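Welcome! Please take a moment with the sequence and the 3D view before reading on.

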Amino acid sequence: MTQDELKKAVARAALAYLVDGEIVGVGTGSTANCFIDELARIQHRIRGAVASSEASRQRLEGHGIPVFDLDKVDAIPVYVDGADEINAALQMIKGGGGALTREKIVAAVATKFVCIADGSKLVAVLGQFPLPVEVIPMALGHVRRQLAAIGGTPTLREGFVTDNGNLIVDVKGLAIVDATALEARINQIVGVVSNGLFAQRPADVCLLATANGVQTLTAN
Ligand code: 5RP
């Protein structure tokens, strides 16, 4: 199976988690795009969607799916999104597409977070994938120095501006032993908007596409 076929398979499997007549939270990235395309086929079943990025909003609207602003919505029973890395506790690194802050906000509102990923995203220890950090532009120098002080090697994502008008720094070389503690520590750096560790709020379910079919992982 190609990577594309694996992404389509998990995207299809995620439809089983939708709550009929309700709003679904929608993530960002190539796997989330496959999910949006699957949603288009069953859109009569849902009231609409909340998008975690402008790109996902446009793709949803392109399919005629109503997109609601988050502050107009009381509840999101299910949020479906991809990941750059996920471990057995269903903690993730996200933000490869730069949408981490909005993804984190929608995930915080959602009752259930369903992560959809191909098998290559499952890792024993998080951190091979550089950790994305969203930074207020004027704080860039300060944040880079602070990230270096905790052992990381930060690189500015050149030519990229987030949907919130901020910058992304990708951090290599962090020893992510305690993901929850590191998530909190980086968030405390003044000028950081959020970071791509999803440890305080991990996924509830991971649908993992493998050559042998879609596996369902829950936290252990
Ligand atoms: C975007 C994300 C994506 O979920 C993550 O980068 C995975 O993307 P893809 O499905 O394209 O591999 O966090 O900010």
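The report below turns to the ligand and then to helix packing.

This is a predicted model, in which local features need pLDDT of at least 70, side-chain atom pairs count only at pLDDT 80 or more, and totals for chains, interfaces and linings use all residues. Residues are numbered from 1 along each chain as its sequence is written, and side-chain values use heavy atoms, with hydrogens and water left out.

The table lists polar contacts, meaning pairs of N or O atoms within 3.5 Å.

| Ligand atom | Polar backbone atom of | Distance |
|---|---|---|
| oxygen | Gly95 | 2.7 Å |
| oxygen | Gly97 | 3.2 Å |
| oxygen | Ala99 | 3.2 Å |

Taken alone, the ligand exposes 380 Å², and the protein buries 90% of that (Shrake-Rupley method, 1.4 Å probe).

Now to the helices, which are DSSP runs (H or I) of at least four residues, numbered from the N terminus. Helix α2 (residues 30-41) packs with helix α3 (residues 54-62) at an angle of about 25 degrees, their axes 9 Å apart. The two are therefore roughly parallel (angles under 35 degrees). Helix α1 (residues 3-14) meets α2 at about 50 degrees, with axes 8 Å apart.

Terms used. Polar contact = N/O pair within 3.5 Å; in protein donor to acceptor, adjacent residues only side chain to side chain. Axes fitted to C-alpha atoms, helices over the stretch in contact; angles between N-to-C directions. Parallel < 35°, antiparallel > 145°, perpendicular 65-115°, else oblique.
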